[in-house]
Amino acid sequence: MKWLLLLSLVVLSECAIIKVPLVRKRSLRKNLAQHGLLEDFLKKHDVNLASKYLKDAASMVATQPLENYMDMEYFGTIGIGTPPQEFTVIFDTGSSNLWVPSVYCSSPACSNHNRFNPQQSSTYRGTSQTVSIAYGTGSMTGILGYDTVQVGGIADTNQIFGLSETEPGSFLYYSPFDGILGLAYPNIASSGATPVFDNMWNQGLVSQDLFSVYLSSNDQGGSVVMFGGIDSSYYTGNLNWVPLSSEGYWQITVDSITMNGQAIACSGSCQAIVDTGTSLLAGPTNAIANIQGYIGASQSSNGEMVVSCSAINSLSDIVFTINGIQYPLPPSAYILQSQEGCTSGFQGMDLPTASGELWILGDVFIRQYFTVFDRGNNRVGLAPVA
């Protein structure tokens, strides 16, 4: 009996953490630039990150969906159906739906991406429900269906997901991902669809009601989303826990944002969403304009905020104080280096909220701090990456 117990404990610990490797690819912005389409795109589209978070903000500017994902670089692979059909998705803590292109979609954006074919899956179950996900004034429209979703080697059965029929915006033709797997709370899911992680937890497929994210700073790889556990080899010191101020998005309170001990933004505290589906650090336009001034950023013809690469050696850390703990971001984190030069990791957006200004702690922040998204206790855990 003792041996059986030991064996079952070993088996449980083996399946406790489901790891999905993330690969880093060229972003949609870089793909557009490479094809000489970026300037034209930016003239036609006013990219407002706010459109993702406030459905009524969507009407304030003529944005199209998914422009928030223009700079995304981290993607993972899932399988849908029996046998599994593979899709490259963004694991996005800033939305809650799972959707992929389908064979019913004839938009240009679908033509060169993997498309789900329900007729090739023996476990697919259709519905008459439609779904429309607004990431701006345009939206992804489609139908809802149920099937088995393979995530990191486990089978999440009877998972509801969207099969896109239209994807506005021909620019998505150049996107490096097929679809999106949302990891926020069920209450912000379109059409009341149960998110993937909720379904996994409800089916007992994960041993802890949490998931964690490590984003590697190098281009090679090593980035990972871990479902059902925390791997301490990815961080140093202790995890600091931050209670959520609102459940829906992964929203927390930031005490202040300082540079050289002086408040440069968010002086009387502000709200922030920890979002793996936003690549930059976003905040109110005025506050961000001040920060761009502090770091010497200026706008280029294609809308990017360009910084001298030498500034990385001379600028100070920008410190986010959260729940009494300081989280410094060195210049090497908030200035993004590429072969084309250096750009600011900060981006402005207009998003009025009931509780004042809202910030988005995207990948620029998460690359520095291993992040645990703890659904069971409605909190976020942060620790410096190893």
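Me: Is Phe211 buried or exposed?
Reply: Phe211 is buried, at a relative accessible area of 0%. Buried means under 20% relative accessible area, exposed over 50% and partly exposed in between, with a 1.4 Å probe and protein chains only. Note that the model is predicted: local features need pLDDT of at least 70, side-chain atom pairs count only at pLDDT 80 or more, and totals for chains, interfaces and linings use all residues. Residues are numbered from 1 along each chain as its sequence is written, and side-chain values use heavy atoms, leaving out hydrogens and water.

Me: How many aromatic pairs are there in the whole structure?
Reply: The search finds 21. Rings of Phe, Tyr and Trp (its six-membered ring) pair if their centres lie within 6.5 Å; planes under 30 degrees apart count as stacked, over 60 as edge-to-face and the rest as tilted.

Me: What about Phe91 and Phe227?
Reply: That pair is tilted, 6.2 Å centre to centre with 55° between the planes. Phe91 is in strand E3 (residues 85-92) and Phe227 in strand E10 (residues 223-227), 136 residues apart. Strands (E, at least two residues) are DSSP runs, numbered from the N terminus. Phe91 counts as buried at 5% relative accessibility, and Phe227 is buried at 0%.

Me: Why is the pair of Phe211 and Phe373 stacked?
Reply: Because the planes are at 15°, with the ring centres 5.1 Å apart. Phe373 is buried too, at 0%.

Me: Different topic. Which ring does Arg375 lie over?
Reply: Arg375 lies over the face of Tyr185, 4.3 Å from the ring centre. The criterion is NZ of Lys or CZ of Arg within 6 Å of the ring centre and within 35 degrees of the ring normal.

Methods: Helix = DSSP H or I, 4+ residues; strand = E, 2+ residues; numbered from the N terminus.
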